[in-house]
Amino acid sequence: DGLLRQNVSKIRHDRIQNTACDQSLVERLFSFGDITIYTAGTDTMEIRLTDVPRPQTVNGLLTEALDEAATQSSRRV
């Protein structure tokens, strides 16, 4: 995939319901792992980011950014 064919999916941040970080023992030793993003709605989608460096840190930053976006959205209403 990528050279001859490409598939792009976009998710609005307000559709993200939850994120999860998954690391095996070996992945923890080398500080990489996978992050899964779960969405809400009728067209439920799951996105998996694989072999992410420092996935716990990245997952934490993603969660903070989503919380901030949700706070800003609720202030506008």
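Analyst: **The salt bridges and their surroundings**

Arg 48 forms a salt bridge with Asp 34, and the closest N and O atoms are 3.1 Å apart; a salt bridge here is a side-chain nitrogen of Lys or Arg within 4 Å of a carboxyl oxygen of Asp or Glu. Because Arg 48 lies in strand β3 and Asp 34 in strand β2, the pair ties together parts that are 14 residues apart in sequence, where strands (E, at least two residues) are DSSP runs numbered from the N terminus. Asp 34 has a relative accessibility of 10% and counts as buried, a word that means under 20% relative accessible area, with exposed meaning over 50% and partly exposed the range in between (1.4 Å probe, protein chains only). Salt bridges that share partners join Asp 34, Arg 48 and Asp 22 into one network.

The model is predicted, so local features need pLDDT of at least 70 and side-chain atom pairs count only at pLDDT 80 or more, while totals for chains, interfaces and linings use all residues. Residues are numbered from 1 along each chain as its sequence is written, and side-chain values use heavy atoms, with hydrogens and water left out.

Arg 48, at 41% relative accessibility, counts as partly exposed, and so does Asp 22, at 42%.

In general, side chains of opposite charge can pair when their charged atoms come close. The count comes to three salt bridges, and one of them joins Arg 12 to Asp 14 with the closest N and O atoms 2.9 Å apart; Arg 12, at 53% relative accessibility, counts as exposed.

Asp 34 also has a side-chain polar atom 3.0 Å from the backbone nitrogen of Asp 51. Leaving aside neighbours within four places in sequence, the residues in contact with Asp 34 (heavy atoms within 4.5 Å) include Ala 20, Glu 27 and Thr 50.

Strand β2 has six of its eight residues buried, so this strand is largely enclosed by the rest of the structure. β2 pairs with β1 in the antiparallel sense over six bridges, and two strands pair if DSSP finds at least two bridges between them. Thr 19 stands opposite Ile 37 in β2. β2 and β3 also pair in the antiparallel sense, over six bridges, with Ile 35 opposite Leu 49 in β3.

Notes: Polar contact = N/O pair within 3.5 Å; in protein donor to acceptor, adjacent residues only side chain to side chain. Helix = DSSP H or I, 4+ residues; strand = E, 2+ residues; numbered from the N terminus.
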